[in-house]
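Here are my comments on the model you sent over.

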Amino acid sequence: MAKQRYIQAINQVFLDEMARDKNIILFGEDVELAIFGDTREVYKTFGPDRVYNTPICEASLTGMAVGAAAAGRRVILHLMFGNFVYTGMDAIAHQMAKLRMMTGGQMNLPITVIAGYGGGRSLAAQHSDTPYPTLMNIGGINVATPATPADAKGLLTTAIRGNNPTFFLEASGRGGDSGEVPDGEYLVPFGKAAIHREGTDLTICAIGTMVRPALRAARELEEHGISAEVIDPRTLVPLDEEGIAASVRKTGRLVLVDESKDRCSAASHIAALMADKCFSSLKAPIKRVTVPNVSMPYSGVAETAIFPNPEKIVAAALSIAGELREVKA
Amino acid sequence: MERSLSDLPNVDERRRAEWLALYERMLLIRRAEERLGKEAQAGNLPGGVHLYIGQEASGVGVCSVLEDRDFITSTHRGHGHFLAKGGDLNAMFAELWGKRTGICRGMGGSMHVADVSKGILGANGIVGGGIAIAAGAGMGIKVAKETAVSVCLFGDGAANQGVLMESLNMSAVWSFPVIWVLENNGLSEFTVTERVTAGEFTDRARAVGMPAVTVDGNDVLAVQAAMAEAVARARAGGGPSFIETKTYRIHGHLEAEEAFLGGYTYRTQEEIDGWRTPDKDPILRFATRLLAEGGASRDDLDLIDERVKSQVEDAVTFALESEDADPELIFDITFSDQRP
């Protein structure tokens, strides 16, 4: 165990895995200079035979990932910003997600697509989206949203060694977050939620970047005498439905925190599942703390106003568990 | 710059056998698709059926110089490519009938026939869908330092997709072993391509410094010769090539076309009939050539026709007698070792 920054953890996985398996190739825009820091030294270490610093053409890059994988390579595609899922969407939705199924299972597509996602940094509407609800809805694609450096390492290693297309969505602007990361080989299984904090009164299920404000909210709720459990699905496809349901059955209350636009968000999907699975255990309506159905504005003030934060999470929690505060206060 | 191998030397027995094999493959595609057309018109096939009739010389010429280790990407009009690259007729028919014995176990259908073991990375329902896949396969081959080639078969409709410019560029800048085969049948679905296209397609390849030729796509030997040159260059590390095969689609965009058109047309019956003549139709043309220069007799050709027709009959029987696709399979094959 050693402290590592989120982006360093990712960078180390690239270096380790590409050294371990010579069949891995990595390509994408500006990967040579590593503008996010996650591909630092990769080009220098493995050279132009295995690392392609590409032109700006996402519509072809996503399709090329499919072709290279079909030809037998293990592929890492760096898509830079999550928004470029949209510019590369044709081959993501039509080929990457479907080719295995359409061919009757004739091919594996070991593809890891990495991209930064999320708002909160005045990058304005075209660089702040959360593409995971869209990806979840396509089917045939795994989606990982690591919140911690350790999960970044474990989930990325699992993605790269796996045989299915996986979007590894890194939290933009969180590269400097530091945390304990296990030494040596470390894999986190897909579809296994992490409980970051145990609690008995309320479950806060937070996606990716939202784990941090959720933990702050939980600490504040503690001061109100409310014991909040914070659970992080870690992968949205596959989703640990039973793990989340077990927490909800225990606490009877659920707040979902997701920086997606509310409509058809990961939060709304999980809310629907939990209403179905845990109906008899629920003591209050399920609440969602999400972004309104608008695009992210540039102004920091305007952005902050619509972005989830600990205060909004606490308010949502109190709206369904406020009576506990009165009892315990 | 049309090229034709009109001055071949007199052929020996080996050449005769090779030519007859080309003829047989073209005729197999023709007879198979004629049957599929009938079945589609009769409502016996689910889904859209897009026929390659009239273009057989292109796919057969292209695939005649390829090996199983070479990849092709195909189009929504992919039956001909599938059969030309060695795909199994029975498995293709069973696929179109939605049976579990289909090459894609009934999960892909007409627009997605694929046989990865033969390098057929799949027909593709998205116009231009195979372009970047072919570039990526070329990248994959190059990374592994193999001498296989990746062949992208696409149409003039697909040639107007922006992804072609991107993929041509990357294949050229990194010398991927890709052969871009534009089968120009003059039609982009229901639109005459000339009406929506500026300049020559081959100039788009020349713009990235790639060798580009236009050949008579209804002359199987001309296609084969251009392809052999491009494949040799790619295998030797010389990078990508672009071949435009000029051809014509005799059938509609799809077999249910008339229902879509509602009485309107985008071409005349005279134009279509003009491509069915002995000097235009790729199979009739090659039959004439075989008789005149290939040392084949009319009996040879009749025998082939008999054999092919019986294979088609057998394939229909195989498809009809096969069990329907397994609905549960979808949950097993969406992911590898993972339920969706």
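The points below go through the domain interface of this predicted model.

1. Next, the contact itself. On the domain 1 side of chain A, 27 residues are in contact with 29 residues of domain 2. Together the two domains bury about 2100 Å², with 54% of that on carbon and sulfur atoms. If you want to know who contributes, look at A:S122, A:M136 and A:R174: they supply 24% of the area that domain 1 buries against domain 2, more than any other three residues.

2. Now the charged pairs. How many salt bridges are counted between domain 1 and domain 2 of chain A? The count is 3.

3. Across the interface of domain 1 and domain 2 of chain A, 17 residue pairs are in polar contact, with both residues at pLDDT 80 or more.

4. As for which elements of domain 1 face domain 2 in chain A, α7 (132-138), β6 (142-144) and α8 (149-161) each supply at least two residues of the touching side. Sorted by class, that side of domain 1 has 13 nonpolar residues, 9 polar ones and 5 charged ones.

Key
Residues numbered from 1 in each chain as written. Chains lettered and ligands numbered in written order. Predicted model: local features only at pLDDT ≥ 70, side-chain atom pairs only at ≥ 80, totals over all residues. Heavy atoms only, no water. Contact = heavy atoms within 4.5 Å. Buried area = accessible area lost by both parts, 1.4 Å probe. Salt bridge = Lys/Arg side-chain N within 4 Å of Asp/Glu carboxyl O. Polar contact = N/O pair within 3.5 Å; in protein donor to acceptor, adjacent residues only side chain to side chain. Helix = DSSP H or I, 4+ residues; strand = E, 2+ residues; numbered from the N terminus. Nonpolar A, V, L, I, M, F, W, Y, C, P; charged D, E, K, R; others polar.
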